[in-house]
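The structure is shown below for reference.

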Amino acid sequence: MKQAKTRARLTLAAIFILTVALAVVGVTGLPALGLKNWLPVTDAERWPEALPLGLDLRGGVYVEYSAARPDEGDADFGALLETTMAVIRTRLGDKGYSEATVQRLGEEGIRVEIPDVTDTAYVLELIGEPALLEFTTPQGETFMTGDMVSSAEPGLDQYGRYVVNLRLNKQGAELFRQMTTRYVGQIIYILLDGQVLLEPRVNEPINNGECSISGMGTQERATKIAAQIQSGALPLVLTQQKVDTVSATLGDDALSTSVTAALIGMGIIMVLLCWRYRMNGLVASWALVIYIVLLFLVIYLVPGIQLTLAGLAGIVLGIGMAVDANVIIFERFNEEVRRGRSLKAAVRTGFKNASSAVFNGNITTLIAAVVLLAFGTGTIRGFGIALGLSVLTSMFTAVFVTRIILKNLVQARRWKPAAFTTGDIAEAEEGE
């Protein structure tokens, strides 16, 4: 019995030390191991670099486009749209806007978000340019452009190797015949937006306006190259539908206010939990701190997540889900204690009876988050990501962390039932 109490106390001490250590590292970071600080602060100017902010919190510009298929050509519109998005990402990255995000908006739309923009007109002009496809001689002289390409499709040659099949219009076919006749055995360069896309060697003159470019290696590469050629050959016409700017000051104010509100809300929740559920409330508050530390650590470690105002709302909602799970568990625990069960038996039975309700409630919310993630765009998608991570983390802390803490807390000393619950309590059963 004494050994069990000692072991329980050591476990609680270890969990407490680990909680404090993670919280301290979350605030200060650990440069020796390359860890940045990841816990949010109320001062926007001191916001952790490990938590990238979305446009609504950081300030910048966003623009929405609708894309129209060119009148000529039978290219896959979806592939053209994806390639156009890739071209926009590359352009913005090359110009220093590496944190810009480009997302598909519905069936025919594109949404571009660019933080820290100073010259809005320049960025809009940069995005709106169609992809430029060029064919150059070995000396680098352009002799044909993408408007002379009728189609580019992935395929297989007679040996089963992946190639890109190119078909030119009448004018392009004649130019290509002349150039391939002149440069047999040499390389003709294919450039997209000034960057070399392919370096095919001319094996023989191309007289009919149709040729195959070999050396693709895989079907994925052949499909990608074909789509990139199509994006220059049949550039999508982008029509600007909406453009707006967000000031950095507005974003800073929203960020500071949101974090402050979340901290105040957590403080009130912890006080109410301790008042209503006594020692159980203290356990729930402890688990809630662990939940916050772990959640932002996950956001830090998972690449590609940007915190938006909607994302912060998802996190706050996740806090409510975590508390809700603890309330269900503690009510089941209290019911068992009032029936005369020992505290140890109440922990086992309470968690067993509450687990299905906690699991079902969180799964339904998780399904909603997955739907938002799959079909949403922009801030809706950000909300879905934050909500999904919050639900998964809250399930872990409510079912696993809370159980370990409560089990060892009950084992650590001989508590009176009144320390955990109120109301009429039957005499505790012995031997459980």
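I looked up the bridge partner of L105 and found G109, in β3. I note for the record that the model is predicted.

I then followed the strands concerned. β2 pairs with β3, which spans residues 109-115, in the antiparallel sense, and I find five bridges between the two.

Next I asked in what order the strands of this sheet lie. The sheet is open, has four strands and runs β2-β3-β1-β11, with antiparallel pairing. I also asked why β2 and β11 each have one side without a neighbour in the sheet. For the twist from one strand to the next, I note an average of 20°.

I turned to the largest pocket, for which I record a volume of about 530 Å³. Its lining is made up of 24 residues, and those closest to the centre are R201, N203, S212, I213 and S214.

I checked which elements supply this lining. At least two residues come from each of α5 (170-182) and β10 (210-213). The largest share is that of β10, with four residues.

Methods:
Residues numbered from 1 in each chain as written. Predicted model: local features only at pLDDT ≥ 70, side-chain atom pairs only at ≥ 80, totals over all residues. Heavy atoms only, no water. Pairing = 2+ DSSP bridges. Axes fitted to C-alpha atoms, helices over the stretch in contact; angles between N-to-C directions. 1 Å grid on protein atoms, 1.4 Å probe; cavity = no way out; pocket = protein on both sides within 12 Å on 5 of 7 lines; lining within 4 Å. Points joined across faces, edges and corners; volume = space filled by probe spheres on them.
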